[in-house]
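I opened this entry to look up the pockets and their linings. The notes follow in the order in which I took them.

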Amino acid sequence: MSVLDDNIQKAQGYMAAFRDSGVLNHIDGETVAAISGETMETISPVDGSTLAPVAKSDAGDIDRAVAAAKAAFPLWSKTPGAERRKILIKVAEAIEARAEEIAFTECMDTGQALRFMSKAALRGAANFRFFADQAPSAEDGDVTRTPTQMNTTSRRPIGPVGVITPWNTPFMLSTWKIAPALAAGCTVVHKPAEFSPMTAKLLVEIAEGAGLPKGVLNVVNGLGETAGKRLTEHPDIKAIAFVGESRTGSMIMKQGADTLKRVHFELGGKNPVIVFEDADMERAVDAATFMIYSLNGERCTSSSRLLVHESIYDDFTAKVAAVAKTIKVGHPLDPETVVGPLIHPVHEGKVLSYFDKARAAGATIAAGGEKVGEAGCFVTPTLFTGATNDMDIAQEEIFGPVLTAIPFKDDEDALAIANDTQYGLAAYVWTQDLDRAMWMTDNLDAGMMWVNSENIRHLPAPFGGVKASGIGRDGGDWSFDFYMETVNVSFPRAHHKIPKLGG
Ligand code: NAD
């Protein structure tokens, strides 16, 4: 039996549990169907078959979950940070113990390749550990003094919060939001993406099995425009942490306006990788191809625009095309697979439409540009050359294994092209010249920049974007600032003169 056959057999075992019980909601420690009894389906991107029925919830289900999160808040928010830390470390350990099940489930539900997803559960566990360790000091603040007053700041959890996540790497992304919220003392209602809801069910079960009290984390499945919308409008939800498309972020901001919702948005990107003529070509090719063809290109920080100095453009893009043509497209559970099927036929249709748009705009398809096979949502790793930055393929987030290469003349031209987009999430700069790297990173519109490197995440560092790519930062203490309110208490240091008014 091949490794792939063996993996498929294991995955069938994991999937059977979902098929039998469905992906229901989890509210106040109980697994419950939507009040309406309605379901939708999550499908396999490998062949379009139904993986499991999923609760199709609406406003009433959200109200129930918010009530549970509100009821659990007083106890959880007053649980000492050291105690919360212990529980969250146990959650991390329990995630690690079920890493294979999480990875296989994620591959089947999203189409992401196992070679990347095998680390997703471990990264999720790392998120829990990192934020757990900060729980004991999360309330701490500063002391500032004047001759008459002593001001002490401290932080307190903001209240029950809503977490709304996308479909691309749902387990890792949801732990990024949920772990700091819980560490801060907030309770959570999580609305996972309708295309890939399975691992959210595993996470809440694992967390409660590890000792998280009931009602502290609740999961409600359903459509964005019904369940998601109600969560963003609910008066008892104090903040919304959202990861998804920029236009959804804009809708959420409007929906949350009446209740003055605090929002944290991690949105789309059209991130440039800028390769100067003095770059280490081999490393730059490896990094550029890794950042667009790993995770199916369904990655917010993907290097989806390749800006190359005109003197090395032909040579560099030929090397990228050669890599793209040798990448294995296949079953997500095959350990050799780099690019698995895209999440859903609807998304596949969107990605395929850019192959026609590229041709119509006059760009060249130097690699890929095709659907693979009849069944499933497989597309070839693709490179467009001869593109200009005004084309749709250079401006719109394709969110697939599709790279658009554009030549530039000099540093000013590279910067102008890089910044000529509505987005500003990440940028990658390849040069041996320190002054040039400094000038570029000082002037690029991006929340995160890497010099001579692919994206390497460091949890204490801030993660987030500028312009249409987001509001707020994750990581380090930035996460706690979002999930907590800073309050100031002023004490008198001495009797001071208080103004007397009137008689
Ligand atoms: P999406 O915006 O369509 O959906 C994300 C979530 O929002 C889903 O759970 C959906 O049900 C919900 N939603 C939709 N409409 C809603 C509404 N009116 N009110 C409340 N909730 C609503 O995004 P997607 O297609 O699932 O994910 C892909 C997008 O996510 C890409 O743009 C990608 O760049 C972005 N993303 C960003 C980051 C980041 O860190 N910046 C990370 C991963 C993905």
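I noted that domain 1 (3-139 + 153-267 + 469-487) and domain 2 (272-451) both contribute lining residues to the second largest pocket, so this pocket lies between them; the domain bounds come from an automatic or database domain assignment. The model is predicted: local features need pLDDT of at least 70 and side-chain atom pairs pLDDT 80 or more, while totals for chains, interfaces and linings use all residues. Residues are numbered from 1 along each chain as its sequence is written, and side-chain values use heavy atoms, without hydrogens and water.

I took a pocket as an open set of points on a 1 Å grid over the protein atoms alone, where a 1.4 Å probe fits, with protein on both sides within 12 Å along at least five of seven lines; lining residues have an atom within 4 Å of a point.

For the second largest pocket I recorded about 500 Å³, volume being the space filled by probe spheres set on the points, which are joined across faces, edges and corners. Its lining has 23 residues, with Arg 123, Met 172, Leu 295, Arg 299 and Asn 455 nearest the centre.

I then turned to the largest pocket, with a volume of about 1,100 Å³. Of its 40 lining residues, Trp 167, Gly 244, Glu 245, Arg 247 and Thr 248 are the closest to its centre. This pocket also lies between domain 1 and domain 2, because both give residues to its lining.
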